Amino acid sequence: MSDEILVNVSPTETRVALVENGLVQEVYLERTRNKGLVSNIYLGKVVRVLPGMQAAFVDIGLERAGFIHASDFSTDVDLKVDESIIDTSEGSESSPSRNGSNTGAPPVKDIRELTAEGKPLLVQVIKEPISTKGARLSTQISVSARNLVYMPNASHIGISTKIDDTAERDRLRSALESALVKHDAINTGGFIVRTVAEGCSEEELAADIPFLLKLWDSINSTIRTAKAPKIVHEDLPLVKRTLRDLVKPKIEKVRIDSERLFKEMSGFTETFAPEIAAKLEHYTGDRPLFDLNGVEDEIERALQIQVQLKSGGYLIIEQTEAMTTIDVNTGAFVGHRNLEETIFKTNLEAATTIARQLRLRNLGGIIILDFIDMQEVEHQRQVLRSLEKTMELDRARTTITGVSELGLVEMTRKRTRESLVQAMCEPCEVCHGRGVIKTAQTVCYEIFREIIREAKVYDNQGFLVLASQAVVDCLLDEESTNVADLESFIERTIEFRVETIYNQDQYDIVLVK
């Protein structure tokens, strides 16, 4: 089946789905009132320096101040540039470690030597604000085109590590060096060849150079007249970023359900990426584009905790502030031979499904995988290899450890934007994100304890309990004997009233004079 990109447009939001072999692999969402910030460049103002954390908070004009670590400051030595900071779709030839321990890399300077409170600072967003955390920032500024990334504060040439053919890497490096000489841009900054440029000619690489240099000149002009905090460069909207970052040779079609946007994108590709112009297609069918391809159903399932496996097993995916945990269960799958074979097949299917769910849900940070315990070491190796092989298709950088003594697999996945759940959902106002509420019986006993406390303090005639229907029903039925005993003990009457707007674990006790 073909690989394609589906673009659904409405006045309030734009959604993009990457479909590979008929399955939805990634979903991107951009709302008119809440656009993404990654790659935006700001002239910020340092509001607080934290020497103990070797970091600083920077006001960039958002609700929460951004956060920058000392290791995210650009240095005079630019031999080590982390391309993942620049573009989450690329790898890097080498990257600086936080403690500066990489061979040849200078140690990270003290944050107090790098900046001070009240100082203006040019920064770029490398990670979206997530939950209560502000945006993650860097002074390693970059701007991207179709095939190249330009870094005005660097001076080296790099090739994305996702291009692993040595001969092709050498060819691209040579072609870029030649193009830079022809454009007299050899000392104007650093350049990195992006993954999508694999197979590109020297002319195609050269076409990006004047565009990037002009773009940086424009940004510089804005910076000179700007007063912090102020945005000085906003990255492309979602659809244009999609054409720039996601459209690769194996993508056969980019189907857009908006005629206006289709015309706009056609003009954009003819100017900046003529090689993909023919892949654009205006979808005019009566049935919604996302419904036709099952994307709506996939999004709905991606918001659920449980994921069914074809074999009958299932996954439980729970996302918390600290980490994401994924538990594998055999469920209804009983196998055909023996228990070990059943477990192995379930884990093997789970490994492939987990890799897809991580991309679809955009889960990042620390991820703990609890596969079903396998006795045979060879089975463990094959499951881990299956996971690693499937994760190679992921644009985000991942690190996977071996199976621990507890049978757990620890991994990390680079997080630059909110997960699908964080983007589309909010904590439940009833349970406040706990995922559970107190039982009616538990609330009844809390009410009993509260009445006893108040009876000792106040000299009143009785009590009126305001609670939810479920709690009042429990008090008048299952707990009626205990209510009668309590009235006898405190020698006062207790009345009950249902408040329909109350949650199950919410109640009030009113003194009756």
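The following dialogue explains how several descriptions of this predicted model are reached.

Biologist: Why are helices α12 and α14 called roughly parallel?

Modeller: Helices (H or I, at least four residues) and strands (E, at least two) are DSSP runs, numbered from the N terminus. Axes are lines fitted to C-alpha atoms, for helices over the stretch in contact, and angles run from 0 to 180 degrees between N-to-C directions. Angles under 35 degrees count as roughly parallel, over 145 as roughly antiparallel, 65 to 115 as roughly perpendicular and the rest as oblique. The axes of α12 (residues 440–457) and α14 (residues 480–490) cross at roughly 10 degrees and come within 11 Å; α12 and α14 are therefore roughly parallel.

Biologist: Which residues make the contact between α12 and α14, and what is their class?

Modeller: Contact means heavy atoms within 4.5 Å. Tyr-445, Phe-448, Ile-451, Ile-452 and Ala-455 of α12 meet Asn-482, Val-483, Leu-486 and Ile-490 of α14. This contact has eight nonpolar, one polar and no charged residues, where Ala, Val, Leu, Ile, Met, Phe, Trp, Tyr, Cys and Pro count as nonpolar, Asp, Glu, Lys and Arg as charged, and the others, Gly among them, as polar.

Biologist: What makes α8 and α9 roughly perpendicular?

Modeller: The axes of α8 (residues 295–302) and α9 (residues 339–361) cross at roughly 95 degrees and come within 10 Å. The two helices α8 and α9 are therefore roughly perpendicular. Glu-298, Arg-301 and Ala-302 in α8 touch Arg-356, Leu-360 and Arg-361 in α9, a contact with two nonpolar, no polar and four charged residues.

Biologist: Why do β3 and β15 count as edges of their sheet?

Modeller: Two strands pair if DSSP finds at least two bridges between them. The open sheet has five strands in the order β3-β2-β1-β14-β15, with mixed pairing. Each of β3 (23–31) and β15 (280–282) has a single partner strand, so one side of each is left without a neighbour in the sheet.

Biologist: How do you know that β1 pairs with β14, and β2 with β3?

Modeller: Strands β1 (residues 3–9) and β14 (residues 251–256) run parallel and are joined by five bridges, with Leu-6 bridged to Arg-255 in β14. Strand β2 (residues 13–20) pairs with β3 in the antiparallel sense over eight bridges, and Ala-17 stands opposite Val-27 in β3. The hairpin of β2 and β3 has two residues between the strands, and Asn-21 in the turn has a positive phi of about 55 degrees.

Biologist: Which strands stand at the edges of the six-stranded sheet, and what packs on this sheet?

Modeller: This open sheet has the order β16-β17-β18-β19-β21-β20 and mixed pairing. At its edges are β16 (306–308) and β20 (398–403), each with a single partner strand. Helix α9 packs on the sheet, touching β16, β17 (314–319), β18 (324–329), β19 and β21. Helix α10 (residues 377–391) lies across β19, β20 and β21, at about 175 degrees to β20.

Technical notes
Residues numbered from 1 in each chain as written. Predicted model: local features only at pLDDT ≥ 70, side-chain atom pairs only at ≥ 80, totals over all residues. Heavy atoms only, no water.
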